[in-house]
Amino acid sequence: MYSKRRSSSSSDALERVVRLASGSAVVIFSSSSCCMCHAVKRLFCELGVSPMVYELDQDPNGKGMERALSKLLGNSPAVPVVFIGGELIGSMDRVMASHINGTLVPLLKEAGALWL
């Protein structure tokens, strides 16, 4: 019985992540005390993007969502995690690599997060 309940709550957390991730052009799952989360939020703000940010440490269901995000990322740290246009971009390293190689801004434009 316990494993069935745990599996159900795990799928509920994943469903919630997917629903929230598709709710805005840019979605960041974050933790309010994480320095990498702060850096990725600053990057988007400096690019002129207003991301929807979900602080998992302030959400009653945050731990479950954090586990679901970690599984999506292949068991790497769960925050920060960025979705653009409902698509998983990844954590800080993937976002910075996209920014450096010039693919981040076109993604943001395509998702409707940037108009320039």
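# Close-up views of a predicted model

Figure 1. Apart from residues up to four places away in sequence, Phe 29 touches Val 17, Leu 20, Ala 21, Tyr 54, Leu 56, Met 65, Leu 69, Val 79, Pro 80, Val 81 and Phe 83. Phe 29 itself belongs to strand 1. Its relative accessible area is 0%, and the residue is therefore classed as buried, the limit being under 20%. Phe 29 and Glu 46 lie 17 residues apart along the chain, and 18 Å separates their C-alpha atoms.

Figure 2. In general, the strands of a sheet pair through backbone hydrogen bonds, in either a parallel or an antiparallel manner.

**Figure 3. The hairpin of strand 3 and strand 4.** Strand 3 (residues 81–84) and strand 4 run antiparallel and are joined by 3 bridges. Val 82 has Gly 90 of strand 4 as its bridge partner. Between the two strands of the hairpin there are 2 residues. Gly 85, in the turn, has a positive phi of about 60°.

Figure 4. Gly 74, with a positive phi near 80°, follows helix 3.

**Figure 5. Helix 4 and its buried face.** The buried residues of helix 4 (residues 92–100) are Met 92, Val 95 and Ser 98. Viewed down the helix axis, these residues fall within an arc of 135°, so they line one face of helix 4. As a general rule, an α-helix has 3.6 residues a turn, so residues three or four places apart point the same way. The cover over the buried residues of helix 4 includes helix 2 (35–46), strand 3, strand 4 and helix 5 (104–111). The face turned away from the buried side carries the exposed residues Asp 93, Arg 94 and Ile 100. Gly 102 follows helix 4 and has a positive phi, near 85°.

**Figure 6. Packing of helix 2 against helix 4.** The two helices pack at an angle of about 30°, with their axes 11 Å apart. Helix 2 and helix 4 are therefore roughly parallel to each other, the limit for this term being an angle under 35 degrees. Helix 2 passes helix 4 in a left-handed crossing. On the side of helix 2, the contact is made by Met 36, Ala 39, Val 40, Leu 43 and Phe 44. Helix 4 contributes Met 92, Val 95, Met 96 and His 99 to this contact.

**Figure 7. Met 92 and its contacts.** Met 92 is placed in helix 4. With a relative accessible area of 16%, Met 92 is buried. When its neighbours within four places in sequence are left aside, Met 92 is in contact with Met 36, Ala 39, Val 40 and Pro 80. Among these, Met 36, Ala 39 and Val 40 take part in the contact of helix 2 with helix 4. Met 92 and Ala 21 are 71 residues apart in sequence, and their C-alpha to C-alpha separation is 16 Å.

**Figure 8. Ser 31 in the loop between strand 1 and helix 2.** Ser 31 is buried, with a relative accessible area of 15%. Not counting residues up to four places away in sequence, Ser 31 touches Cys 37, Glu 55, Asp 57 and Val 79.

Methods: Residues are numbered from 1 along each chain as its sequence is written. This is a predicted model: local features need pLDDT of at least 70, side-chain atom pairs count only at pLDDT 80 or more; totals for chains, interfaces and linings use all residues. Side-chain values use heavy atoms; hydrogens and water are left out. Two strands pair if DSSP finds at least two bridges between them. Helices (H or I, at least four residues) and strands (E, at least two) are DSSP runs, numbered from the N terminus. Buried means under 20% relative accessible area, exposed over 50%, partly exposed in between (1.4 Å probe, protein chains only). The arc is that of the directions from the helix axis to the C-beta atoms. Contact means heavy atoms within 4.5 Å. Axes are lines fitted to C-alpha atoms, for helices over the stretch in contact, and angles run from 0 to 180 degrees between N-to-C directions. Angles under 35 degrees count as roughly parallel, over 145 as roughly antiparallel, 65 to 115 as roughly perpendicular and the rest as oblique. A crossing is left-handed if the near helix is turned anticlockwise from the far one by less than a right angle, and right-handed if clockwise.
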